[in-house]
Every structure is written in structure tokens, then in C-alpha cells.
Amino acid sequence: MQDPITLKSGSELQVSIAPFAAGNRLLKTVAKELSAVEFNMDFGEIDLSKISTKDINTLKNAVFRLLQSDDVEKSVMECMRRCLYNGQSIQPNTFESESARQDYLPVAWEVMKANLLPFFSGLALPSSVSEKPSSNVQKSE
């Protein structure tokens, strides 16, 4: 179980990684849903002050696609079963009360991050590749 996260509401979330099968199902479900979104963004330089309307629309489409997917919801809920919300196991009725609903999306986001990031941590993505110094670089004495 990861260290507890204090949500903006003051509630506490403890995230545990779901079994491989549940995490992999979430990965496939998110990939399937996002494959329907056309990404035309320039990821070269991420500067929010220079983000275009087209980029905002692409992000909106991706987020809304995930939010409206019953399959994503089922996969996330399956991963939530091993997590604790205010010390209690997350169940289908955990977010039934009006006061808990504000935590649903932040909890879903944290659970998704915890369960999806391990699949990508071994990939050589630009942000995860460390450059090795060339062999002809002189060492300072």
C-alpha cells in the first residue's frame, strides 16, 4: 500500500496496486477508449501559456471519452477494491453520499495513475531516458 494521500476534501486515500489482471484490463480499456480520440498536439514543448484551442479541445475530448465510458468505470472500480477511503475499503456505494462525491474523480485519477504507470516505467520514453556522457568527454581533475 502506498503512503496515504490527503484529498482536498480532507479525506484520506490509501492506494494499493490491483492484481496484474485488473491493472492490465484497465490499461486495455483506457487504450481502447483513447484510440477513438484524434491527438493533434505538439508535445515538443509543454507550456500551458502557449497551449492552443486545438490542444485544449483534444485534451477535453480525451478526458470526456474516459469519463463517459462504462468500461473504464468498471475497470477503475475493480482496481479501487484494494484501496482505502477514510480507512474503509472502497465499495460500489462509497461515493453515494453527496459529501463523498467530490472525491470520486480525484480517487479515480490516483487509482488510475498507480495502476497504469508501472506498465510504462520500463519503456524508453524521452522523459525516462538518461543520457550517457560520450566517452570523449574530459573528466575534470
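# Notebook: a first look around the chain

I started with the fold and counted 5 helices and 4 strands in the protein chain. Helices here are DSSP runs of H or I with at least four residues, strands are runs of E with at least two, and both are numbered from the N terminus. Before going on, I noted that this is a predicted model, that local features need pLDDT of at least 70, that side-chain atom pairs count only at pLDDT 80 or more, and that totals for chains, interfaces and linings use all residues. I also noted that residues are numbered from 1 along each chain as its sequence is written, and that side-chain values use heavy atoms, with hydrogens and water left out.

**Entry: the overall layout**

Reading along the sequence, I got the pattern β-β-α-α-α-β-β-α-α. The chain has 141 residues, and 28% of them are buried. For that I used relative accessible area: under 20% is buried, over 50% is exposed, and partly exposed is in between (1.4 Å probe, protein chains only).

I then looked at contacts, meaning heavy atoms within 4.5 Å. Of the contacts with a separation of 6 or more, 64% are between residues 24 or more positions apart. The accessible surface of the chain comes to about 10,400 Å², and carbon and sulfur atoms hold 53% of it. Those areas come from the Shrake-Rupley method with a 1.4 Å probe; for residues, only the protein chains shown count as cover.

**Entry: salt bridges**

How many salt bridges does the structure hold? I found 4, taking a salt bridge as a side-chain nitrogen of Lys or Arg within 4 Å of a carboxyl oxygen of Asp or Glu.

Arg-25 and Glu-78 meet through their side chains at 2.7 Å, N to O. Arg-25 sits in helix H1 (residues 20-34) and Glu-78 in helix H3 (residues 70-80), so this pair ties together parts 53 residues apart in sequence. Both ends are partly exposed: Arg-25 has 40% relative accessibility, and Glu-78 has 21%.

Next I checked Arg-65 and Glu-33, whose salt bridge also comes out at 2.7 Å, N to O. Arg-65 belongs to helix H2 (residues 53-67) and Glu-33 to helix H1, so parts 32 residues apart in sequence are tied together here. Arg-65 is partly exposed at 31% relative accessible area, whereas Glu-33 is buried at 10%.

The pair Lys-113 and Glu-110 has a distance of 3.4 Å, N to O. Both residues lie in helix H5 (residues 104-120), 3 residues apart, which is about one turn of the helix. Lys-113 is partly exposed, with a relative accessible area of 31%.

**Entry: the nonpolar core**

Which residues touch the most other members of the largest nonpolar core? I got Met-80, Ile-90 and Val-107, out of 23 residues. The elements giving two or more residues to this core are H1, H3 and H5, and H5 gives the most, with 6. A nonpolar core here is a set of buried Ala, Val, Leu, Ile, Met, Phe, Trp, Tyr and Cys residues joined through side-chain atoms within 4.5 Å.

I followed Met-80 a bit further. Leaving aside neighbours within four places in sequence, Met-80 is in contact with Ile-90, Phe-95, Tyr-104, Val-107, Ala-108 and Val-111.

**Entry: cysteines**

I looked for disulfides (a pair of cysteine sulfur atoms within 2.5 Å) and found 0. For Cys-79, the nearest cysteine sulfur is that of Cys-83, 7.9 Å away. Cys-79 is buried at 0% relative accessibility, and Cys-83 is buried at 0% as well.

Val-63, Phe-64, Leu-67 and Leu-105 make a nonpolar surface patch of about 390 Å². Patch residues have over 30% relative accessible area and no salt bridge; like charges are joined within 9 Å, and nonpolar side chains (Val, Leu, Ile, Met, Phe, Trp, Tyr) within 5 Å. H2 supplies the largest share, 3 residues. Leu-105 is found in helix H5 and is partly exposed at 48% relative accessibility.

I placed Asn-86 in the loop between strand E3 (84-85) and strand E4 (88-89). At 42% relative accessibility, Asn-86 is partly exposed.
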